[in-house]
Amino acid sequence: MQKRITKAAVIGSGIMGGGIAALLAGAGIKTLLLDIVPFDLSDEEKNDPKARNRIVEKGLQDAINSKPPLFMDKKSDPQLITTGNLEDDIDKLADCDWIVEVVVENVKIKQELFSKVEKVRKKGTIVSSNTSGIPLKDMSGHLSDEFQQHFLGTHFFNPVRYMHLLEIIPGPKTDKAVLDFMADFCEKYLGKGIVWAKDTPNFIGNRIGIQGMGKAMNAMLEHGLSIPEVDAIFGAPMGRPKTAMFKTSDLVGLDTMYHVAKNCYDMCPDDEMRDTMALPEFVGKMVENNMLGNKTKGGFYKKELTEEWKTIRKVINPETMEYGEYGKADFPCLQEAKKKSALSEKVRAIVYGDDKGAKYAWDVTATGLIYAANRIPEISDTIVDIDNAMKWGYNFEMGPFETWDAIGVKESVEKMEKEGRTVPEKIKKFLEAGNETFYKIEGGQRYFYDFDSGAYKPVPVSEKQISLYNLRQENKVVKSSGSCSLIDLGDGVFDIEFHSKMNAVNREMIEFMIDAHEYVSKNGVGVVVGNQASGMPAPFSAGGDLAFMLGLAKEGKFSEIDDFIKTVHQSILASKYAPYPVVAAPFGLALGGGCEVCLSADRVVANADLFMGLVEVGAGLVPGGGGMMHLWQNYIRYKPQVAKITDYSGFFIQAFMHVAQAKVSNSAAEARNSGFLRPADRIVFNKDLLIGEAKKEVLRMVDDCYVPPRKEKFPVFGREAQGMVWSEMLNMKTGGYITPHMETIAKRACYCMAGGDVPQGTQVSEEYLLKLEREAFVDLWRTEETQKMAEHMMNTGKPLFL
Amino acid sequence: MKEAYIVTSLRTPGCRRGKGAFAQTRPEDLLKTVINEVVEQTGLEKQAVEDIMVGCSFPEAEQGLNIGRVISQMCGFPDTTTGATVNRFCSSGLEAIALQAMRIKSGMCDVAIGGGIESMTIVPMGGNLPRPHPQMVKENADVYISMGATAENVANRYNVTREMQDEFAYHSQMKAANAKQKNLYKELVPTPATKWVEDAEGSWAPKTWNQDFDDGIRENTTMEGLGKLRPAFAANGSVTAGNSSQTTDGAAATLIMSEEAVKKYNVKPIARLAYYTVTGVRADEMGVGPAYAIPKLMRETGMKLEDVGIFEVNEAFASQAIYCLQQMGMYDEKSLWTSDSDKRIVNVNGGAIALGHPLGCTGAKLCSQLMTEMQARGVKWGVESMCIGGGMGAAGLFELME
């Protein structure tokens with residue numbers, strides 16, 4: 001029978017259960033969310049369905065209110081979720097195709113729950129547990145074979161929507177077909193990165209992660225470092241998330257972290273580094289005192305508000321358990337690292353330094369590398385799964401083995417041995433065999449070292465994925481400049497890849513794109529505009545190159561800015577009217593110029609996590625790449641099929657407000673609701689599959705006999721928009737809601753989007769609107785206020801309202 | 001000149017925009033109920049009514065196409081009963097009554113209805129297609145300014161504090177709560193309300209009931225609660241949803257007769273409309289209107305404020321109502337307007353902060369309330385006044401008939 005998941009159930013509505021339900025709903029799957037009936041109901045309440053669902057309702061509400069949002073579309077996604085309780089609604093599990101258990105980590109409760117589930121579950125329904133530590137065999141051993149064949153572990157990470165990792169754990173009897181189906185489903189429909197884990201305590205991510213955390217905390221006390229010093233090292237300089245060690249703990253919750261560590265300690269009596277998993281005493285005390293991190297408004301760090309409403313940040317002193325203010329932590333090794341550009345060099349500079357911070361970093365890193373090596377084959381057969389788990393579940397830029405490659409395996413092992421550390425036999429053998437790195441690239445293929453066979457094997461990559469990195473190694477780059485490349489994706493499809501800082505759109509890229517289109521018009525069938533930048537959130541393109549334009553403005557070279565915008569428009573229109581399909585593949589940040597590149601594409605294949613918006617006003621500008629025109633076209637052409645003159649004010653105000661308030665979507669679903677994405681644009685859940693899907697889209701459009709859009713005149717709202725917006729500006733000014741220059745910018749944006757002073761409904765050309773846009777753009781650069789605003793945005797990343 | 005007598009003056013309840021009882025009831029239906037009731041209570045045949053004028057601030061869409069004529073037909077008046085729509089924004093309802101009174105006073109007419117309608121749910125404030133003149137707004141947009149902004153201007157320019165506004169709002173609510181509880185709104189006509197409800201099968205059916213109270217009154221309001229509300233129109237402002245009038249759906253109607261008609265139909269008039277006046281003020285502080293209109297009314301009729309026993313001063317915003325009372329020397333003596341005072345003569349049963357301000361209806365609605373209050377208290381002279389968007393003030397003087 002064809003397997004399909006049309007309806008799912010999530011049992012347990014805590015932060016993880018709510019997150020999984022939100023993700024399923026976002027993927028369009030009807031979801032039943034269940035939780036227990038509260039224990040403390042009065043006799044009267046016992047018959048009140050509302051009271052009986054109190055826990056699950058609160059869980060759902062918390063998920064809806066969560067920040068960052070767990071739901072991609074807060075309005076319509078929750079409507080796919082039905083709530084209920086385990087006493088009255090358990091029969092409803094009978095129509096579910098997948099039941100995921102996310103209840104409290106107690107083996108007995110889980111066993112009893114699965115016994116109940118077994119009674120109502122229809123044959124063939126897949127059941128999984130989101131346990132983070134309890135062995136699957138312990139919770140399912142008492143169940144029927146048919147149940148166990150459909151039972152597995154699906155371990156999501158918090159926050160579910162944003163963490164890419166999903167550990168899939170086969171149970172003792174799980175059917176291979178079920179595992180393959182779920183891996184495919186979770187990768188494609190839910191967008192997760194799949195790591196195969198074994199049924200061992202805490203699986204992969206949390207096993208390696210908690211050892212690292214425990215070691216870092218214990219070593220901090222031994223080496224005499226402070227909390228901010230540790231975070232300064234194990235943050236960005238080491239390729240770790242900015243929240244580093246302790247801020248991450250505050251984010252996750254000290255109780256959760258403590259529980260994971262304790263679970264590991266209790267269940268791994270033979271672990272050679274068990275001691276490192278026993279968290280320091282002061283952490284235990286903090287948990288006892290309910291100092292659990294952000295959720296209790298104080299963990300390792302704490303924010304306090306002074307009487308003058310100034311925020312001061314404080315950190316706990318592990319010895320005195322008191323909070324105190326702290327300054328910026330620094331070490332010579334961090335200064336060295338700052339001078340390097342590649343991450344591998346930064347990490348080398350830190351772990352091989354000789355100051356106090358460096359010695360600490362080396363101790364923690366060396367211990368972690370040895371620990372990871374010792375876990376093969378105990379928790380995983382391959383280094384790839386371990387590295388992926390740490391990258392996708394903990395947001396490390398490099399997993400342990402990639403880190404090891406980065407600092408040099410031979411060099412580091414020598415240092416380890418000199419210090420009397422026990423280097424695993426398999427590593428020694430690896431080196432003795434003359435190997436140097438765990439990963440290598442040969443003939444465009446990435447290989448990893450397999451300890452079991454003692455040989456290199458190709459890194460398994462889903463066939464749906466296209467890796468631009470690999471294509472580069474295979475010499476598929478057709479053209480390249482410093483910040484942009486044209487890469488041959490095969491089948492006549494070419495990718496325009498941005499690779500500037502934050503992928504900001506600059507002059508070089510604009511000019512390159514014109515050349516690239518020349519090339520493709522002669523040699524290809526279509527273009528994908530996409531890249532594979534990483535980060536949280538990753539930048540598809542974070543905007544335009546402010547520094548370049550500010551430089552020109554300061555020198556008074558306004559005609560050059562004017563020329564630049566002319567070139568931008570030429571490039572945008574070259575893409576829009578190219579005789580072949582152009583598909584943009586945005587993800588993460590698609591702001592300003594990045595958003596405009598997408599708006600001018602024939603189709604967008606977007607990642608579900610999309611933060612898209614025209615944010616130029618924050619830098620004192622109006623959008624300069626046709627963004628206002630295209631957004632307006634989206635409104636009048638696509639939002640309803642036919643917009644009439646009487647509908648214009650409603651559409652115009654919405655479209656205009658997106659620009660005037662620099663609104664950014666929280667997801668691709670929201671971008672669609674706000675008109676940035678059109679009805680035919682697609683949303684892809686898995687970022688890794690984005691380029692592949694975009695390429696497929698190009699080929700499909702070619703197959704469907706693509707013709708470019710007709711260059712037609714289209715109606716604008718004209719002077720009537722000026723009347724509406726200017727009169728509203730008076731209200732905003734009276735209310736103190738808008739500053740003078742912001743008002744100027746807003747009015748100018750209104751002028752551009754409305755097509756100036758023509759009567760409403762006038763049919764205008766694109767050239768006319770682009771000319772208005774260009775004039776506004778250059779005029780604003782002429783003002784001192786815009787120059788100040790742009791400079792402030794460049795230096796601080798935050799808008800200055802003048 | 002002849003006299004024009006108020007014979008019957010009634011209103012529907014005022015119900016909250018969007019969430020209130022009339023949100024799905026067409027404005028024509030509200031108006032139909034109250035006009036038919038006015039004729040019914042007067043004991044007239046419909047053909048006796050010569051003309052119907054309806055005040056409306058946004059006479060478009062459901063309220064458009066000359067609702068005065070539409071309603072005369074909807075109510076079943078004969079073809080000979082004519083109708084007109086009158087718009088002077090917030091005084092439209094009073095304007096309609098005054099226009100009919102003038103026609104009667106000049107001998108052009110004997111029996112007429114003046115009223116008002118506004119469903120702020122169905123036709124939004126500002127209308128469905130706001131189109132300020134593009135050149136005008138660039139030169140001076142004041143005439144298009146939002147009412148909330150004018151309220152902030154009044155508060156800022158004349159030092160009306162947040163505390164004063166909240167206190168005033170609190171008393172408005174308490175006065176209304178008292179009147180509701182004691183059933184003092186004798187002019188209120190229970191009015192059919194309709195709401196469409198989806199049943200379990202997904203079918204839709206209307207649910208209809210008689211709405212017999214103003215649903216915006218907040219009996220449980222406290223000063224503390226009002227103090228917690230955020231400013232609604234300015235970043236650091238003092239005007240909140242709590243100390244502003246409510247946006248409301250409602251209708252009201254008044255039947256007016258000449259002396260000859262009073263005799264002919266043998267009815268007992270409640271009062272006569274003695275005078276009506278309008279004055280202009282700065283558009284960006286339109287709320288000060290009554291502070292100029294009422295003195296003008298007194299001046300032109302040769303009366304003194306002390307002669308007037310009761311006032312209905314529309315509470316568009318507490319800030320402007322307070323300022324107007326201050327200018328007339330009636331604010332500092334709080335017993336003139338507080339809910340716990342027996343001596344109160346201003347908005348004695350609460351104002352628009354509690355009962356709502358259905359723009360075009362308000363003038364007609366306040367007339368009906370004033371008639372009830374003047375009769376109940378035996379007050380000889382009563383004044384109704386309001387500020388008007390665009391920068392005006394209107395005031396009407398009524399004399400109770402013995």
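This is a predicted model: local features need pLDDT of at least 70, side-chain atom pairs count only at pLDDT 80 or more; totals for chains, interfaces and linings use all residues.
Helix 11 (residues 254-267) of chain A and helix 13 (residues 281-288) of chain A pack at an angle of about 130°, and their axes lie 10 Å apart. Axes here are lines fitted to C-alpha atoms, for helices over the stretch in contact, and angles run from 0 to 180 degrees between N-to-C directions. Helices (H or I, at least four residues) and strands (E, at least two) are DSSP runs, numbered from the N terminus.

Why are helix 11 and helix 13 of chain A called oblique to each other? Angles under 35 degrees count as roughly parallel, over 145 as roughly antiparallel, 65 to 115 as roughly perpendicular and the rest as oblique. The two helices of chain A, at about 130°, are therefore oblique.

On one side of this packing stand Leu254(A), Asp255(A) and Tyr258(A) of helix 11, which meet Val283(A), Met286(A) and Val287(A) of helix 13. Two residues are in contact if their C-beta atoms, placed from the backbone, lie within 7 Å. By class, this contact has 5 nonpolar, no polar and 1 charged residues. Ala, Val, Leu, Ile, Met, Phe, Trp, Tyr, Cys and Pro count as nonpolar, Asp, Glu, Lys and Arg as charged, and the others, Gly among them, as polar.

Residues are numbered from 1 along each chain as its sequence is written, while chains are lettered from A and ligands numbered from 1 in the order in which they are written.

Next, the sheet. Three strands of chain A form an open sheet in the order 9-10-11, with antiparallel pairing; strands pair if DSSP finds at least two bridges between them. Strand 9 (301-305) and strand 11 (322-325) of chain A are the edge strands, each pairing on one side only. Neighbouring strands of this sheet are turned by 40° against each other on average, direction ignored. Strand 9 is joined to strand 10 (residues 311-317) of chain A by 5 bridges, and Glu304(A) has Ile312(A) in strand 10 as its bridge partner.

Chain A is divided into domain 1 (7-196), domain 2 (205-456) and domain 3 (469-787), with bounds from an automatic or database domain assignment. In chain A, 5 residues of domain 2 are in contact with 4 residues of domain 3.

Finally, 20 residues of chain B are in contact with 16 residues of chain A.
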